[in-house]
Amino acid sequence: MSSILPGKRILLVIGGGIAAYKGLELIRRLRERGADVRAILTKAGEAFVTPLSVSALTGDKVYTDLFSLTDEAEMGHIEMSRDADLLVVAPATADLLAKMAQGVANDLASTTLLATDKKVLVAPAMNVRMWLHPATQRNIAQLKQDGVAFVGPNDGEMACGEYGPGRLSEPLEIVAAIERALAGPTFIPLPVSVRLDTPLLPALPLAGKHVLVTAGPTHEPIDPVRYIANRSSGKQGYAIAAAALAAGARVTLVSGPVALLAPPGVKLVPVETAREMLEAVEEALPADIAIFSAAVADWRVADAGAQKIKKGEAGTPSFSLVENPDILATIAHDAARRPSLVVGFAAETEHVVEHAKAKLARKGCDLIIANDVSPESGVMGGDRNRVHLVSARGVETWPDMDKDAVARALVAHIAKLAGA
Ligand SMILES: Cc1cc2nc3c(=O)[nH]c(=O)nc-3n(C[C@H](O)[C@H](O)[C@H](O)COP(=O)(O)O)c2cc1C
């Protein structure tokens, strides 16, 4: 496939983190693919890479100072922010994310990021504690709501010796994310005319609604230390909960065990098993809309041991399985408690749409979101998803998108169906 990069103008903001050196590598990778790169280096960034290195690699001068008389005369910060096809922040420090989320504009990088009318892609990099801190997570949720695209961070060992999420994505991963960002609309549309009596923020389509979302896998015990699980990461469900919250809803998120932080403002009910999930769902009712995206285990072990099963005591153990309650069907068929809109998910490895059509009829829900979870699709645990919307009105297939984009589009679609 040919690259979209030749001739594209990328404005790269390099923040002050250990990973700034990868920003240099990113410039090389972009330029060898035909992109023009202009760079802004923050004051802290200058402590990690030199302006001379950045300038040598971009083949342009490097921009560092908001109040430079010469820079402002040659290429003002407003002009620079509009002259690019895409703004990329790599590495994006916790500090830069905080400034962007708050609209702080007190240096060249933050002012340019606030003044732009172009799409912004950020590649965060920071210590795992900084990344997991509720303040950073709040800023990220805000930025995603504002339409900022993200790539990474990756899990791994850090320069500080700790392990976890916070490593900058590799330069080629960022290049791929840049190509994806450039393939879509690259500008942030502003209202053409804003009447004085028109609020600047769009109306919140789910204001006043209670949205119930389930997410993640369930863990079904074999004994007190072992369990049956599946590969669901919960990312899609958590993204839906965040999008519903952003649309103004009160959101309850009933979640199986996942390694994600609940979006701030969402009511999280953590559960382990399918039976606990059903109980939590029933307790959360009444709801106006229910979105069952959890990958609930179909079966559990009939007699989970109360003690750890010891090796060698009675040969290799064998287990009989019993069916778990069907949460989607139970709620969808319960006339008294049924939310007015019930949405189910169908994860299939083959005949995705056919199975989803059968499931729609069997479960009695209004809409099934079907996706291919075969290992080749990379959906389970991954950041992207390609979904089919199956309803009585037919089948609608959406293009491959990141899970946040799927969540936003889905919430907009559901809000319309709910007549909001
Ligand atoms: C050795 C060292 C490494 C740092 N690495 C990071 C990092 O990887 N990510 C981060 O968010 N901040 C990191 N910081 C802190 C930032 O440099 C600091 O918050 C700075 O104000 C960021 O400025 P900027 O966002 O304008 O570039 C580091 C600081 C030091 C001294």
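Let's start at cysteine 160, which is found in the loop between strand 7 (154–157) and strand 8 (163–167); helices (H or I, at least four residues) and strands (E, at least two) are DSSP runs, numbered from the N terminus. The UniProt annotation "active site", from an unreviewed entry, covers Cys160; UniProt positions are given in the numbering used here, feature names are shortened, and annotations may be inferred rather than shown by experiment. With 13 other C-beta atoms within 10 Å, cysteine 160 is partly exposed. On this scale a residue is buried if 20 or more other C-beta atoms lie within 10 Å of its own, exposed if 12 or fewer, and partly exposed in between, with C-beta atoms placed from the backbone.

Before going on, please keep in mind that this is a predicted model, where local features need pLDDT of at least 70, side-chain atom pairs count only at pLDDT 80 or more, and totals for chains, interfaces and linings use all residues. Residues are numbered from 1 along each chain as its sequence is written.

Now to the ligand. There are 15 residues around the ligand, and Gly16, Gly17, Thr42, Ala44 and Thr93 come nearest; a residue is near a molecule or strand if its C-beta atom, placed from the backbone, lies within 6 Å of it. Helix 5 (residues 94–102) supplies the largest share of this shell, three residues. By class, the shell has eight nonpolar, six polar and one charged residues. Here Ala, Val, Leu, Ile, Met, Phe, Trp, Tyr, Cys and Pro count as nonpolar, Asp, Glu, Lys and Arg as charged, and the others, Gly among them, as polar.

Next, have a look at an open sheet of six strands, in the order 3-2-1-4-5-6 with parallel pairing. Strand 3 (62–63) and strand 6 (149–150) stand at the edges, each with a single partner strand, so one side of each has no neighbour in the sheet. Two strands pair if DSSP finds at least two bridges between them. Strand 1 (residues 9–14) and strand 4 (residues 86–92) pair in the parallel sense over four bridges, and valine 13 stands opposite valine 89 in strand 4. Across strand 1, strand 4, strand 5 (120–124) and strand 6 lies helix 9 (residues 171–183), running at about 155° to strand 4. That angle is between N-to-C directions, on a range from 0 to 180 degrees, with axes as lines fitted to C-alpha atoms, for helices over the stretch in contact; contact means C-beta atoms, placed from the backbone, within 7 Å.

Strand 14 pairs in the parallel sense with strand 9 (residues 210–215) over four bridges, where valine 213 stands opposite isoleucine 291. Strand 14 and strand 17 (residues 341–348) also pair in the parallel sense over four bridges, with phenylalanine 292 opposite glycine 344.

Valine 211 stands opposite valine 251 in strand 12. Strand 12 is joined to strand 13 (residues 267–270) by four bridges, again parallel, and leucine 253 has leucine 268 as its bridge partner there.

Notes:
Contact = placed C-beta atoms within 7 Å.
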